[in-house]
Amino acid sequence: MAMEKMSIAKALNESLRKALDTDPKTLIMGEDVGKLGGVFRITDGLQKDFGEDRVIDTPLAESGIVGTAIGLALRGYRPIVEIQFDGFVFPAYDQIVTQLAKMHARSLGKIKLPVVVRIPYGGGIGAVEHHSESPEALFAHVAGLKVVSPSNASDAYWMMQQAVQSDDPVIFFEPKRRYWDKGEVDTESIPGGLHRASVARTGTDLTLVAYGPMVKVCLEAAAAAQEEGKSIEVVDLRSMSPIDFDAIQASVEKTRRLVVVHEAPVFYGSGAEIAARITERCFYHLEAPVLRVGGYHVPYPPARLEDEYLPGLDRVLDAVDRSLAY
Amino acid sequence: MTVESTAAARKPRRSSKRTSAAKTPAKTPQSSGPELVQLLTPEGERIEHPDYSIDLTAEELRGLYRDMVLTRRFDAEATALQRQGELGLWASLLGQEAAQIGSGRALRDDDYVFPTYREHGVAWCRGVDPTNLLGMFRGVNHGGWDPNTNNFHLYTIVIGSQTLHATGYAMGVAKDGADSAVIAYFGDGASSQGDVAEAFTFSAVYNAPVVFFCQNNQWAISEPTEKQTRVPLYQRAQGFGFPGVRVDGNDVLACLAVTRSALERARRGEGPTLVEAFTYRMGAHTTSDDPTKYRADEERASWEAKDPILRLRTYLENEGVADEAYFTALDEESETLGKRVREAVRSMPQPDRMAIFEHAYADGSALVDEERAQFAAYQASFAEEGK
């Protein structure tokens, strides 16, 4: 067993290295991914070891990056594209939504586009505008795309492996403020399917569902609630499209209460979809309406106000209390 | 910061200089101009060009003529089928036969084509059955052919997007060490899209073996080329660092020669070329369009005199390359094609309703599976009621 403690950033780097090593058709493309190793150093050292032909510094044009990645995939390559920051993906949104997502269906299944689009996302790093957004719902809404986000180093390693092997395009959201959080990674044993949710902490009184950067916040909230005698279960969603509703349902049928937490705005967010589906599936089990904690329907605020905007421990616990009060 | 912003906001939105500039737009050179590569005049006279030459056998010349005639016949049939309600929409290529057949016949089998939605003539050259092109216009699919069978990608509807796919594909060709080339079709309207500019940038930077074949048919629905550019489109290439050439898009020989040369350049590893085929959209943008609202009859009439098929016919007749019997036989072949297309369209089966759930994902999706089952159960409930 090859157990190793590493950061999420290192786990992603190792996983990308393994992908390049395993399949000569795998490519990495993006802005500054070469010598610099990306602005977050996720591709650090890969160009040095695999060459400029496979770890490709691109012109600064996101639509061009994704559009040419589609062409390379049509030629038989498996491009892994880096979008430098969440707020920079929108120039590529057209290529992702109208081409990448739909070409498989348009061709009646004859074309497969195994493209991974990596996007560091979310706030909490004190950045300037456009560097802290959580646009996952905008992609999850589009049929043809798969949308995932790891919350820990082991998932970062394995979910990247699975995303690269997927014959569908995968939008891979990386929780940038957790890049340096460390965890154990077993590089020899696959923990589970790419689109399976996992129970990060077991409990009996209420279920918290979260993904990416909010899993840590929810685990901390559950620990704090434990001190008050409340037993909280935390489900790490891992995949926002498709969503493992069976796992959430199983948890809610046990706890009878559900709070969904994400950084993205609550309005039309993935919490809305989860609330609707779980209400339908678990109507007679629920003791309280499904509550949601997330960002507000405002542009992401300047850095000195982001802690007001982002769901933190107290806002999660406030929702827990409101749910338990029903 | 705040003070500066306020000051800036108080400034008039347009300086007087800018206003005066806007009043006197530079004249866009829209005449074909001396730079136009031409090997066959509108009168059917064969002329020489210092940079491009072509030497075709009688059979090859007849072949080009046949391709154009049959493509036009197919196109006319599709327009008629739309008028009869058999197709929801049709995008006619009328007038652009030489640009498409000339460039299409320059390609090798291993080259790869990224078309718009109007490249019916190129599809013909690639061996795509014309009836396959009609499924999407009838509404039974979004593109019914396997792109890899004829190296002819699906029609792309969003303007200009395919130029990036072509560039990426060409980057892959270069990585593979192959000597194939890629050709991306687009129009004068698409030349304004950011994706086309990005495709030019990427192809130049990576020296990708791609030919950008722009059919400047003068009209982007109702907008003339003057609304897209202030320089001749082929000159755009220079700023990106690769050559551009303007060819008479109604001269099949020149289109063949110029495209062949650009493809050879790509194969030699010398990178992209922009070919601007100067042509004219004789018909409407699509069957939903009404060009009488925005362009004059005289303009169309002036282009009728430059008809691509007529000029080659004159040349074939003058050179004795084809006789009356040949033309008569071709007419019969045209009618047979029209009949085959008509019957194929009318007999296209209504797709199974469950087909909407197919191919959303290559690896499948639990959500789609669930929705498919719900829809099937819903449909089945009617069957039970009917019992």
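This is a predicted model: local features need pLDDT of at least 70, side-chain atom pairs count only at pLDDT 80 or more; totals for chains, interfaces and linings use all residues.
**View 1. The open sheet of chain A.** Seven strands of chain A make up an open sheet with mixed pairing. Their order across the sheet is S3-S2-S4-S5-S7-S6-S12. Strand S3 (55-57) and strand S12 (239-241) of chain A are the edge strands, each pairing on one side only. From one strand to the next, the twist averages 20°. Strands of a sheet pair through backbone hydrogen bonds, in either a parallel or an antiparallel manner.

**View 2. Strands S6 and S7 of chain A.** Strand S6 (residues 146-148) and strand S7 (residues 170-175) of chain A pair in the parallel sense. Three bridges join S6 and S7 of chain A. In one of the pairs, Val148(A) has Phe172(A) of S7(A) as its bridge partner.

**View 3. Helix H7 of chain A across the strands.** Helix H7 of chain A covers residues 153-165. This helix lies across strand S2 (26-30), strand S4 (78-82), strand S5 (116-121), S6 and S7 of chain A. Relative to S7(A), helix H7 runs at about 160°.

**View 4. An annotated span of chain A.** An unreviewed UniProt entry places the feature "domain: Transketolase-like pyrimidine-binding" at residues 6-181 of chain A. The end C-alpha atoms of residues 6-181 of chain A lie 8 Å apart.

View 5. The domain assignment of chain B gives domain 1 as 28-346 and domain 2 as 353-386. Taken over C-alpha atoms, the centres of domain 1 and domain 2 of chain B are separated by 41 Å.

Methods
Residues are numbered from 1 along each chain as its sequence is written. Chains are lettered from A and ligands numbered from 1 in the order in which they are written. Domain bounds come from an automatic or database domain assignment. Two strands pair if DSSP finds at least two bridges between them. Helices (H or I, at least four residues) and strands (E, at least two) are DSSP runs, numbered from the N terminus. Axes are lines fitted to C-alpha atoms, for helices over the stretch in contact, and angles run from 0 to 180 degrees between N-to-C directions. Two residues are in contact if their C-beta atoms, placed from the backbone, lie within 7 Å. UniProt positions are given in the numbering used here, feature names are shortened, and annotations may be inferred rather than shown by experiment.
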